[in-house]
Amino acid sequence: MYDVSVKMNSFLCSNVFIFILSLIIPSASSISTVYLTTSCNQTVAITTGISLQSSTALSYPNSMNCYLAVTVPTNYKVVAVFRRYEIEDQLNGVCNDIVNFYDGVDTSSSPLNLDHNCGYIAPTNITSTGTSLTVQLVTDSTVTNRGFDLILSAFSYAPCSSNQFSCTNSLCISSSLKCDNYDQCGDQSDESDCTDAELANSESSDNSALIAGIAIGVGSVVVICVLIGIYVYRQYRWKMFLKDPLPIIQQWDNQSNYPLTRKYYKTYNDGYHSMKNGSDPNMSSSQDRPSTPNSGGSSSKSIIKIPKSGDSIA
């Protein structure tokens with residue numbers, strides 16, 4: 001019975017865990033996600049687009065100075081569109097955590113933002129003049145925040161080719177990016193007039209929601225499994241205790257770990273004695289007291305002292 005309960009417990013926990021993961025882990029997306037903390041000071045070549053997030057954690061780290069350079073094919077440029085922007089706000093009019101954009105393959109290129117970017121108001125769409133754009137995040141050693149999530153896409157200006165989607169703002173992006181839950185055009189025109197089937201085929205994700213979902217899901221599974229395990233163990237332990245026959249010898253060591261229940265109770269000096277079925281330790285009648293064999297093998301009544309109020313009987 002215990003083995004069956006353990007197997008059922010393991011089966012239930014594993015299925016709950018799989019179910020939660022299936023709910024919180026998104027399906028494949030049309031674009032990949034790159035994290036600045038794990039791709040620090042690197043260059044990524046793209047043909048359609050990527051999602052760039054500041055960190056794999058819920059907030060970006062302190063004392064960070066990283067950039068990511070994105071390059072696209074010849075005759076294309078790069079457009080950056082923010083989905084989330086939460087950077088430490090200004091202190092005394094000065095940005096302590098800064099997001100910068102450069103019109104080239106590294107931070108030595110010409111800056112695309114005249115002022116330092118921080119706070120909670122995302123910059124407008126930023127476009128490169130050539131085939132490369134660099135995004136940099138510099139943080140101080142004090143406050144952190146959720147950071148940013150932006151879409152970097154390859155585009156060209158109209159007229160668009162047959163394999164491109166024509167945005168309302170005259171940008172041309174890959175037709176594969178239409179109706180993928182990401183705003184690559186920067187004006188939401190590539191996400192308008194989409195059917196439910198088209199939107200269902202592509203899942204956009206925010207790493208903070210994913211991390212929070214996984215943490216909550218895994219934590220819930222652990223708590224459920226622990227509670228079920230405790231319950232099964234207690235049920236098994238109690239059933240085994242009840243099935244344990246009374247020993248022939250009715251005297252045990254005082255140090256034994258038998259629980260003080262109505263099956264066993266503690267007397268003054270004799271250690272543990274078993275009770276007769278239906279007997280009450282508080283009754284003084286000799287007929288309700290168990291008999292114990294004497295040293296000579298003959299049977300006689302033994303007078304068992306009634307426990308004091310300090311002794312507990314469960």
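Setting aside neighbours within four places in sequence, Asn113 is in contact with Val99, Asn100 and Phe101. Keep in mind that this is a predicted model.

**Asn113**
- Asn113 sits in the loop between β6 (98-102) and β7 (126-127).
- With a relative accessible area of 12%, Asn113 falls under the 20% cut-off, so it counts as buried.
- Its side chain gets to the backbone nitrogen of Phe101 at 2.8 Å.
- The Asn113 side chain also reaches the backbone oxygen of Asp115, again at 2.8 Å.

**Aromatic pairs**
- Searching the whole structure turns up 4 aromatic pairs.
- One of them is Phe82 with Phe101: the ring centres are 5.8 Å apart and the planes are at 85°, so this pair is edge-to-face.
- Phe82 belongs to strand β5 (residues 77-86) and Phe101 to strand β6, so the pair ties together parts 19 residues apart in sequence.
- Phe82 and Phe148 make an edge-to-face pair too, because their planes are at 90°, with the ring centres 6.3 Å apart.
- Since Phe148 is in strand β9 (residues 147-157) and Phe82 in strand β5, that pair links parts 66 residues apart in sequence.

- Phe101 is buried, at a relative accessible area of 0%.
- Phe82 is buried as well, at 14% relative accessibility.

Note on methods:
Residues are numbered from 1 along each chain as its sequence is written. This is a predicted model: local features need pLDDT of at least 70, side-chain atom pairs count only at pLDDT 80 or more; totals for chains, interfaces and linings use all residues. Side-chain values use heavy atoms; hydrogens and water are left out. Helices (H or I, at least four residues) and strands (E, at least two) are DSSP runs, numbered from the N terminus. Buried means under 20% relative accessible area, exposed over 50%, partly exposed in between (1.4 Å probe, protein chains only). A polar contact is a pair of N or O atoms within 3.5 Å; within protein, one must be able to donate a hydrogen and the other to accept it, and residues adjacent in sequence count only if both atoms are side-chain atoms. Contact means heavy atoms within 4.5 Å. Rings of Phe, Tyr and Trp (its six-membered ring) pair if their centres lie within 6.5 Å; planes under 30 degrees apart count as stacked, over 60 as edge-to-face and the rest as tilted.
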